[in-house]
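Q: I would like to go through this model step by step, setting each computed value against the definition behind the term.
A: The structure comes first, and the questions follow.

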Amino acid sequence: MKVFLITILKIGLKVLYAPLKLAKTQNRIVYLSRQSNDKSIDMLLLEKELNKICPDTQQVFRLRMIPSGFFDKIKYCFGVIGDMYYLSTSKVAILDTYSITVSCLKHKSDLKVIQMWHALGAIKKFGLQSIGTKEGRDENLSRAMCMHENYDYVLAPSKATAKFYMEAFGCNSSNIKICSLPRVDELMSDTGSSQRFYELNPELSQKKIVLYLPTFRDREAFVANELKVEFEDMPLNYQLIISPHPLFSKIKKDKKYSYNGEFSTYDLLKVADCVITDYSACAFEASALMKPTYFFVPDYVQYEKERGLNVDLKAEMPSATFEDAKELCIAIKEKAYDLNMLYAFKSKYVENTNSNNTEILAKFISIVKE
């Protein structure tokens, strides 16, 4: 039934799009996202750089999460018509997730589509890689939705990551542009976040900050609780801070593992003495900063079977990957971290950690646009 409804929807979109494509193409870039209603740090940095090198280019942001209410969904559908208008009148479309209007419609030949995925890599399988798995999309539904079709370029932070992206987005090497995301520039720059953090949290200034950044998954709250229990026995100079997935989380906020003030994940990474994650792409960001990074994966075998992994953590980060919370805490407290192992991980998955990624990407887009 879903496949049938999607087929009808696509026919309707194509009928609406046909006259819109008669509109004149303008010197315009359109950004599309379902990840957030606000500009991501990547978009903010890229917008600013493009304004410098292409001041005459209009930049339009069509950023809307799919709402939950019925009437809000109806409003969202009308917004899709606006998306189609801007796709028909722009030279470049930049998206950070799947877009039904991008992938299901036939566009003008002069429109170039760039997939700037919202993560700095992929430890877990996603997109077309995960079709048919327990946590992935249904194969027939994915085919009906033309998942990840029509991309001219896909940004990848390394050659190793490009291999995963070619599978996930169904593209080949000619579609890949090796370029780290603009957020790496933000990560590598001193924004004063550490000073602001300790001004608002002076009681943490003499403690070792252990930052836990889990991905979203069904057992998220249970796994976080295992970590909390073991941290009860950690020395008092260790402070666990839990920062759940910003969009979806089943972890309830706990003042004991929180902090004062508003800080982004990038701010917290700069403050942290070490980072614990699981299958989240934040591991690549932590490695870019050379922060000792640990993987707490008590469901490793199950997750690998049900979702699939691009990175064999036990092979690539053996002394930093744990299925037992107690062993993890002992390692943090007592064992010297293997920074050579972390450097190899960083070098493989984030090739450029200099502060010029935004400039590289903006210049590339300026060339694609012409």
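Q: How many cavities of 30 Å³ or more does the structure hold?
A: In this predicted model, the structure holds 1 cavity of 30 Å³ or more, and the space in the largest cavity comes to about 30 Å³.

Q: What makes this space a cavity, and which residues line the largest cavity?
A: The term cavity applies to a set of points where a 1.4 Å probe fits but cannot get out. The largest cavity is lined by W117, A119, L120, G121, L155, A156, P157, Y165, C179 and L181.

Q: How is the lining of the largest cavity divided by class?
A: The lining has 9 nonpolar residues, 1 polar residue and no charged residues. Gly counts as polar under the classes used, and G121 is among the residues of this lining.

Q: What is the volume of the second largest pocket, and what makes such a space a pocket?
A: The second largest pocket has a volume of about 880 Å³. Of the 32 residues lining the second largest pocket, L9, I66, Y76, I100 and M145 are the closest to its centre. The term pocket is used for an open set of points, whereas the probe in a cavity cannot get out.

Q: Which elements supply the lining of the second largest pocket, and which gives the most?
A: At least two lining residues come from each of α1 (2-20), β1 (28-33), α3 (70-89) and α4 (100-104), and α3 gives the most, with 9 residues. By class, this lining has 19 nonpolar, 5 polar and 8 charged residues.

Q: Why is strand β8 called largely enclosed?
A: A residue is buried when its relative accessible area is under 20%, and 5 of the 5 residues of β8 (residues 238-242) are buried, so the strand is largely enclosed by the rest of the structure. Y238, L240 and I242 point one way from β8, while Q239 and I241 point the other way, and all are buried.

Q: How do you know that β7 and β8 pair, and in which sense do they run?
A: Pairing needs at least two bridges between two strands, and 5 bridges join β7 (residues 208-213) to β8, with the two running parallel. Across this pairing, L211 stands opposite I241 and Y212 stands opposite I242. Strand β7 is itself mostly covered, with 5 of its 6 residues buried.

Q: What is the order of strands in the open sheet, and why are β8 and β11 at its edges?
A: The open sheet has 5 strands in the order β8-β7-β9-β10-β11, with parallel pairing. Strands β8 and β11 (321-322) each have a single partner strand, so one side of each is left without a neighbour in the sheet. Further in, β7 and β9 (residues 274-277) pair over 4 bridges, with V210 opposite C274. Strands β9 and β10 pair over 3 bridges, and F295 in β10 is the bridge partner of T277.

Q: Which residues of helix α15 are buried, and what puts them on the same side?
A: In α15 (residues 339-349), M341, L342, F345, K346 and Y349 are buried. They cover an arc of only 135° around the axis, which puts them on the same side of α15. An α-helix has 3.6 residues a turn, so residues three or four places apart point the same way. The cover over the buried residues of α15 includes α6 (159-169), α11 (282-288), β10 (293-296) and α13 (313-316).

Methods:
Residues are numbered from 1 along each chain as its sequence is written. This is a predicted model: local features need pLDDT of at least 70, side-chain atom pairs count only at pLDDT 80 or more; totals for chains, interfaces and linings use all residues. Side-chain values use heavy atoms; hydrogens and water are left out. Buried means under 20% relative accessible area, exposed over 50%, partly exposed in between (1.4 Å probe, protein chains only). On a 1 Å grid over the protein atoms alone, a cavity is a set of points where a 1.4 Å probe fits but cannot get out, and a pocket is an open set with protein on both sides within 12 Å along at least five of seven lines; lining residues have an atom within 4 Å of a point. Grid points are joined across faces, edges and corners, and a volume is the space filled by probe spheres set on the points. The arc is that of the directions from the helix axis to the C-beta atoms. Contact means heavy atoms within 4.5 Å.
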